Amino acid sequence: MSDRAIELFIRMHLEKTPRVMDRQRGRQNLTGDVIIAAMGAVQHQRPVGSDLIMARWLDDTSAALRVEKWLEKEAVQYEVIRTDLLIHLVPVALLIFLGKPTDDQIRKLSSLWRKSSERGRRSRRLMKQYLSHIESLEREKFRYEVSPSRETVINDEIDRYTLLIENEKQRINDWATTQARKSYQCPNCHGAGATSKSVVCPECGGSGKFVPSADNARKHLNANGVNIPERVWNRQIKPVFDEILSRLHQEHDETARLLGQRLNEEKSACL
Ligand SMILES: [Zn+2]
């Protein structure tokens, strides 16, 4: 765990945990060593929950893989007729738990990144400039009598700007898709639910995020070649999906509570 990861972890998680102890007493700042020691102790007691914390807040892929293996064993215990479908639920439930969007949401999120971000605006300005160069070159070509050699130069320039536009389109699309895959947080208000221009963000309706529903999970599976008929999904698979997701949250929250408690003990130990 790097120092940056520890800082991120404290900021994103523990700072939100209400503190029982008096702020004036005990250690004011938890050092990285103390956090790692507390994490190690909690890891021993709740390995799955600790992996969930590390996977969710620190993007620890090895921890996510361990949870996936554990979930695969857990999932086969559910009694449904279509047991073959259970194995497909594990990765998508974990994906949603980790705060990542489903494949069917990527398109919408990526379009919002292009529309709302500074990078997207810069890209639009750039493409507009290229286009205006092309238009002016075309005007020159058709309005005036240009020599064949000048026409060749103009055509080459038009081709060059056209290629620049295509390359920029590709670059912005790749960037927006990469951004979209990272989180289902709203790209317009960055999770705040409001912007400087409006009290309620018009894109997410004020929620700050696009949390995937069970229906998104089904669409995600469909997009990945796992077609589940609606009736089977509603009757057999969705209840299991909901249960897996709620189990992940329970494990995570209980472990976070334990970790918070240990860190509070560490702080009050140094009076
Ligand atoms: Zn928003």
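Which residues of helix 9 are buried? In this predicted model, the buried residues of helix 9 are Ala217, Arg218, His220 and Leu221. Seen down the axis of helix 9, these residues fall within an arc of 160°, so they line one face of the helix. An α-helix has 3.6 residues a turn, so residues three or four places apart point the same way. The cover over the buried residues of helix 9 includes helix 5, helix 6 (103–116) and helix 10. Just after helix 9, Gly225 takes a positive phi of about 85°.

The overall fold is helical. The protein chain has 10 helices and 0 strands. Along the sequence, the pattern reads α-α-α-α-α-α-α-α-α-α. The protein chain has 271 residues, of which 23% count as buried. Among contacts with a separation of 6 or more, 70% join residues 24 or more positions apart.

The packing of helix 9 on helix 10 was examined next. Two packed helices are described by the angle between their axes and the distance between the axes. The axes of helix 9 and helix 10 come within 11 Å and cross at roughly 110°. Helix 9 is therefore roughly perpendicular to helix 10, since angles of 65 to 115 degrees fall in that class. Helix 9 contributes Ala214, Ala217 and Arg218 to the contact. Helix 10 contributes Trp233, Lys238, Phe241 and Asp242. By type, the residues of this contact divide into 4 nonpolar, no polar and 3 charged. Two of the helix 9 contributors, Ala217 and Arg218, are listed among the buried residues of that helix.

Attention then turned to the nonpolar cores. In soluble globular proteins, nonpolar side chains tend to be buried together. Here the largest nonpolar core has 31 residues. Leu89, Ala93 and Ile244 have the most contacts inside this core. At least two residues of the core come from each of helix 2 (32–45), helix 3, helix 4, helix 5 (86–97), helix 9 and helix 10 (230–269). Another core, of 12 residues, lies apart from the largest one. Its members include Ile172, Cys186, Cys201 and Phe210.

Two residues were followed in detail. Ala93 touches Phe241, Ile244, Leu245 and Leu248, with residues up to four places away in sequence not counted. Phe97 lies in helix 5. Leaving aside neighbours within four places in sequence, Phe97 is in contact with Arg56, Leu245, Leu248 and His249. Phe97 and His252 are 155 residues apart in sequence. In space, their C-alpha atoms are 9.8 Å apart.

Asp59 has a positive phi of about 55° although it is not a glycine. Asp59 lies in the loop between helix 3 (47–58) and helix 4 (61–75). With 15 other C-beta atoms within 10 Å, Asp59 is partly exposed. His190 also has a positive phi of about 55°, and His190 is not a glycine either. The loop that holds His190 runs between helix 8 (148–182) and helix 9 (214–223). His190 has 15 C-beta neighbours inside 10 Å and so counts as partly exposed.

Note on methods
Residues are numbered from 1 along each chain as its sequence is written. This is a predicted model: local features need pLDDT of at least 70, side-chain atom pairs count only at pLDDT 80 or more; totals for chains, interfaces and linings use all residues. Helices (H or I, at least four residues) and strands (E, at least two) are DSSP runs, numbered from the N terminus. A residue is buried if 20 or more other C-beta atoms lie within 10 Å of its own, exposed if 12 or fewer, and partly exposed in between; C-beta atoms are placed from the backbone. Two residues are in contact if their C-beta atoms, placed from the backbone, lie within 7 Å. A nonpolar core is a set of buried Ala, Val, Leu, Ile, Met, Phe, Trp, Tyr and Cys residues joined through C-beta atoms within 7 Å. Axes are lines fitted to C-alpha atoms, for helices over the stretch in contact, and angles run from 0 to 180 degrees between N-to-C directions. Angles under 35 degrees count as roughly parallel, over 145 as roughly antiparallel, 65 to 115 as roughly perpendicular and the rest as oblique. Ala, Val, Leu, Ile, Met, Phe, Trp, Tyr, Cys and Pro count as nonpolar, Asp, Glu, Lys and Arg as charged, and the others, Gly among them, as polar. The arc is that of the directions from the helix axis to the C-beta atoms.
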